[in-house]
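Reader: Please take me through this model by question and answer. Start with the terms.

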Amino acid sequence: MLHFKEFKLQETQVIKPEWVTSAVYKIINSREITESKGLLKLHRLDDILKKEKDSDYYYPRDKYRYIIDLMQKFELCYEIDSETILIPDLLEVREPAFDFDYTTALKFLIQYDFLPRSVMPRFMVKMHRDINHEWHWRTGVVLENPSFRSTAEVIADNEEKRIHIYVQGEQKRDYFAALLHSFRSINDSFEKLEAVEKVPLP
């Protein structure tokens, strides 16, 4: 049985966890959401979660918000607005064009023994308030934070099993510390995941 203490989730208890996992599977494997590069308009859940065969679970409309809240809790998606969510793992693969000054940027990398596919999408969910929505793709993101007056580019290299972090701006060290804290939180959630933090040599 699933039960959560958070205000938005506390009113619902799930006796069969498969009821939830089946809904999440339908959403993240939806052809419609894949074609829209991870964007989901919540009213489309009627079609995505509809019961197509007798073995399918039934999902009443008043539980749609609960399912989305659970997806947010497990860092699978984040809200664009009250009627739209984005699933980072379904973003476009191609990296967009943008300007970034690497010469003065603080540079850092995290080397993994195995880089779980979910690390980068979960990081995007954690940092989504700083995302410029024109500059994000499946394995990378550009972040802007007015408080730190800094910008960051974060890129996952799945083949090399590493994540590169570049930060520029007036308070780049403070912003970098916030980004690293997010990655440490994600890495610690995996059992026996080896993540070595490194400063690249010039």
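Author: Strands (E, at least two residues) and helices (H or I, at least four residues) are DSSP runs, numbered from the N terminus. Two strands pair if DSSP finds at least two bridges between them. This is a predicted model, in which local features need pLDDT of at least 70 and side-chain atom pairs count only at pLDDT 80 or more, while totals for chains, interfaces and linings use all residues. Residues are numbered from 1 along each chain as its sequence is written, and side-chain values use heavy atoms, with hydrogens and water left out.

Reader: In what order do the six strands form the open sheet?

Author: The pairing is antiparallel. β7 and β11 (195–198) stand at the edges with a single partner strand each, so one side of each has no neighbour in the sheet. The order is β7-β8-β9-β10-β6-β11.

Reader: What does the twist average from one strand to the next?

Author: Axes here are lines fitted to C-alpha atoms (for helices, over the stretch in contact), and angles run from 0 to 180 degrees between N-to-C directions. From strand to strand, the average twist is 15°.

Reader: Which residue takes a positive phi in the hairpin of β9 and β10?

Author: β9 and β10 run antiparallel and are joined by eight bridges. In one of the pairings, Thr 151 has Gln 168 of β10 as its bridge partner. Four residues lie between the strands of this hairpin, and the one with a positive phi, near 55°, is Lys 161.

Reader: And in the hairpin of β8 and β9, which residue has a positive phi?

Author: Six bridges join these antiparallel strands. Gly 140 is bridged to Ile 155 of β9. Again there are four residues between the strands. The phi near 50° belongs to Arg 149.

Reader: How many of the eight residues of β9 are buried?

Author: Buried means under 20% relative accessible area, exposed over 50%, and partly exposed in between (1.4 Å probe, protein chains only). β9 is largely enclosed by the rest of the structure, because its buried residues number six of the eight.

Reader: Which strands does α5 touch as it packs on the sheet?

Author: Contact means heavy atoms within 4.5 Å. α5 is itself largely enclosed by the rest of the structure, since seven of its eight residues are buried. Among those buried are Arg 122 and Phe 123. Its direction makes about 20° with that of β8, and the strands touched are β6, β7, β8, β9 and β10.

Reader: At what distance does the side chain of Gln 111 reach the backbone oxygen of Glu 160?

Author: Gln 111 is found in strand β6 and counts as buried, at 16% relative accessibility. Beyond four places in sequence, the residues it touches include Glu 160, Arg 162 and Lys 198. A polar contact is a pair of N or O atoms within 3.5 Å; within protein, one must be able to donate a hydrogen and the other to accept it, and residues adjacent in sequence count only if both atoms are side-chain atoms. From the side chain of Gln 111 to the backbone oxygen of Glu 160, the distance is 2.8 Å.

Reader: Why is the pair of Phe 98 and Trp 135 tilted?

Author: Rings of Phe, Tyr and Trp (its six-membered ring) pair if their centres lie within 6.5 Å; planes under 30 degrees apart count as stacked, over 60 as edge-to-face and the rest as tilted. Phe 98 lies in the loop between β5 (84–86) and β6 (106–112), and Trp 135 in strand β7, 37 residues apart. Phe 98 is buried at 17% relative accessibility, whereas Trp 135 is partly exposed at 22%. The ring centres are 5.9 Å apart, and the pair is tilted because the planes stand at 40°.

Reader: Which residues do ring pairs link into a cluster?

Author: The structure holds eight aromatic pairs. The cluster consists of Phe 98, Trp 135 and Trp 137.
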